[in-house]
Amino acid sequence: MTVPKTGGVGRVRPGAPGRPRWRAQAPVVAAVALGGGTGAAARYAASLWWPTQTGGFPWTTLGVNVVGCAVIGVFMVVVTEVGSAHRLVRPFFGTGVLGGFTTFSTYAVDSRSLFAGGRVPTGLAYLAATPLAALTAVWLAAWATRRVLKWRQT
């Protein structure tokens with residue numbers, strides 16, 4: 001099929017830009033979705049194994065977020081500094097599984113519940129402790145992973 005040189009009604013544009021791009025991204029979207037479902041199921045399982053009492057400190061959410069951040073610290077060092085991984089590993093595990101496992105929305109709801117229950121100091125402590133602990137976990141896990149990998153190479 002040839003493309004007319006002049007514009008007008010019925011003009012065919014070469015290669016509709018949306019379709020090829022979508023087809024290229026479809027496996028990535030599927031990997032994120034499958035990983036997200038897996039991570040969310042794991043988070044739900046954690047809440048069943050370690051339930052938070054009504055009005056209690058949300059230790060489960062804090063623990064899940066810190067563990068998820070530590071795992072992402074290890075994972076990113078391994079996939080970026082050790083070797084190459086399949087192109088769908090990072091979307092599946094990093095974005096999907098760990099994104100579904102960690103939970104900012106539950107963190108926000110837990111914070112709101114603490115404030116609504118009149119536990120303002122605890123709510124403020126939780127608001128500050130979660131990102132501080134999560135960022136510390138990422139940093140420590142990445143640092144420890146690099147140390148272990150360096151030690152194994154010697």
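Residues are numbered from 1 along each chain as its sequence is written, and side-chain values use heavy atoms, with hydrogens and water left out. In this predicted model, local features need pLDDT of at least 70 and side-chain atom pairs count only at pLDDT 80 or more, while totals for chains, interfaces and linings use all residues.

A search of the whole structure finds six aromatic pairs (rings of Phe, Tyr and Trp, the last by its six-membered ring, with centres within 6.5 Å; planes under 30 degrees apart count as stacked, over 60 as edge-to-face and the rest as tilted). In one of them, the ring centres of F57 and Y126 lie 5.5 Å apart with planes at 85°, so this pair is edge-to-face. Because F57 belongs to the loop between α1 (18–49) and α2 (59–82) and Y126 to helix α5 (residues 120–153), the pair ties together parts 69 residues apart in sequence; helices are DSSP runs of H or I, at least four residues, numbered from the N terminus. Y126 has 0% relative accessibility and counts as buried (under 20% relative accessible area, with a 1.4 Å probe and protein chains only). Ring pairs also link F57, W59, F104, Y107 and Y126 into a cluster.

Helix α5 packs with α2 at an angle of about 30°, their axes 8 Å apart (axes are lines fitted to C-alpha atoms over the stretch in contact, and angles run from 0 to 180 degrees between N-to-C directions). The two are therefore roughly parallel, a term for angles under 35 degrees, whereas those over 145 count as roughly antiparallel. Helix α4 (residues 104–116) packs with α5 at about 160°, with axes 7 Å apart, which means that α4 is roughly antiparallel to α5.

Definitions and conventions
Buried means under 20% relative accessible area, exposed over 50%, partly exposed in between (1.4 Å probe, protein chains only). Angles under 35 degrees count as roughly parallel, over 145 as roughly antiparallel, 65 to 115 as roughly perpendicular and the rest as oblique.
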